Amino acid sequence: MFSSIITYSPAYTIVPTYECFNRCSYCNFRAEPGKSAWMSLSEAGSIFKRLKAQVHTQVVCEILILSGEVHPQSARRQAWFERIYELCELALSMGFLPHTNVGPLSFDEMQKLKQVNVSMGLMLEQLTPELLKTVHKQAPSKVPSKRLQQLQWAGELKIPFTTGLLLGIGETEQDWWETLEAIAQIHLDYHHIQEVILQPHSPGKEQSFNAPSFNPRQLPYVISQARKILPADVTIQIPPNLVQDSQWLIACVEAGARDLGGIGPKDEVNPDYPHLQKNDLERILQPTNWRLKPRLPIYPQFDAWLNPHLQTAVAKCRDTLSI
Ligand SMILES: O=c1nc2n(C[C@H](O)[C@H](O)[C@H](O)CO)c3cc(O)ccc3cc-2c(=O)[nH]1
Ligand SMILES: C[C@H]1O[C@@H](n2cnc3c(N)ncnc32)[C@H](O)[C@@H]1O
Ligand code: SF4
């Protein structure tokens with residue numbers, strides 16, 4: 001019998017800084033501005049060396065650059081951006097493929113980062129402005145029009161893009177469909193969305209937002225509806241560590257999720273929910289017809305959008321993973 005494929009990206013997350021001028025009330029990641037040392041290039045260099053040394057036991061291709069944010073008008077913004085750029089450059093020079101998700105960027109910043117990233121990402125969260133009165137009250141970066149603008153710029157710049165919804169932060173069911181429709185619409189203009197993450201809100205130790213986890217039993221329903229709204233070439237990703245029960249994880253796959261995201265040693269955003277490793281996932285999927293397959297942070301149909309240097313790096317990683 002033929003088996004069907006579900007993908008994941010062997011990844012490692014680096015955090016340029018945890019400091020953030022936003023205060024999303026569901027966040028367990030942020031530190032106060034000035035209170036989190038920035039990652040140095042030598043620190044990153046040692047991490048990358050270690051990852052290369054372990055290539056025989058565990059291959060990592062994607063470096064996810066995930067950061068807290070410095071205000072666009074701050075005098076420190078330029079230094080923050082330059083550090084992120086240099087971290088990407090270093091990862092690339094050591095054979096890794098950067099995927100950056102550091103919040104909203106200016107058009108110019110995005111254009112620059114395209115030169116050192118194979119794809120980029122930004123979650124829409126939810127488009128309803130109602131959340132600006134609640135969880136995003138102190139989060140200027142989460143103004144819906146600003147985030148939609150990022151998707152538009154990524155399209156204009158031909159950047160393969162990952163976006164998604166954060167579920168269970170006080171939105172309504174109607175809000176889900178509206179956010180998904182907006183993603184579908186923008187993809188029809190630019191054809192640049194490679195994945196949409198359906199991320200269940202999962203409470204952690206640091207957050208002030210007092211709400212339970214998004215009910216995982218609702219997730220298969222959201223996925224099947226999303227599958228109807230999104231164009232067929234957009235993959236639905238779910239984070240397996242936030243879908244605690246393996247039966248529900250399988251139900252999510254049956255409903256149309258086809259990717260399990262970046263799998264690495266730590267989920268920096270949800271540190272209270274350890275990532276399931278490849279073996280754990282294989283064990284869960286074993287009784288089913290689904291088989292796990294590694295992928296890169298760029299889907300093959302977007303290769304032509306990259307500069308020649310990035311194309312060479314991607315070809316080498318495909319070779320390493322034999323995909
Ligand atoms: O480990 C994580 N990876 C996260 N990733 C990584 C993601 O799974 C992969 O980097 C992409 O699939 C690209 O391969 C994100 C990427 C984005 O572009 C946007 C949001 C996220 C969110 C998370 C996350 O919460 N935890
Ligand atoms: C990087 C992405 O992580 C998501 N994110 C932030 N905090 C949480 C949480 N408590 N639970 C689940 N996802 C979260 C947001 O969607 C953000 O854009
Ligand atoms: S979710 Fe992102 S933008 Fe919001 S406080 Fe946390 S790090 Fe900052």
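The shell around ligand 2 divides into 5 nonpolar, 7 polar and 1 charged residue. Ligand 2 is surrounded by 13 residues in this predicted model, and the closest of them are Tyr 26, Met 123, Leu 166, Ser 202 and Val 269.

Let me turn to ligand 3. By class, its shell has 5 nonpolar, 4 polar and 3 charged residues. The residues around ligand 3 include Cys 20, Cys 24 and Cys 27.

Next, the annotation. An unreviewed UniProt entry places the domain feature "Radical SAM core" at residues 6–241.

I now come to a pair of helices, H5 at residues 173–190 and H6 at residues 219–229. H5 and H6 pack at an angle of about 35°, and their axes are 9 Å apart. The crossing of the two helices is right-handed. On the H5 side, the contact is made by Trp 176, Trp 177, Leu 180, Glu 181 and Ala 184; H6 contributes Val 222, Gln 225, Ala 226 and Ile 229. By class, the residues of this contact divide into 7 nonpolar, 1 polar and 1 charged.

Finally, a word on confidence. The mean pLDDT of the chain is 97, with 100% of its residues reaching 70 or more. The model scores 0.98 for ipTM and 0.98 for pTM.

Note on methods:
Residues numbered from 1 in each chain as written. Chains lettered and ligands numbered in written order. Predicted model: local features only at pLDDT ≥ 70, side-chain atom pairs only at ≥ 80, totals over all residues. UniProt positions renumbered as here; feature names shortened; annotations may be inferred. Near = placed C-beta within 6 Å. Nonpolar A, V, L, I, M, F, W, Y, C, P; charged D, E, K, R; others polar. pLDDT = per-residue confidence, 0-100. Axes fitted to C-alpha atoms, helices over the stretch in contact; angles between N-to-C directions. Helix = DSSP H or I, 4+ residues; strand = E, 2+ residues; numbered from the N terminus. Left-handed = near helix turned anticlockwise from the far one by under 90°. Contact = placed C-beta atoms within 7 Å.
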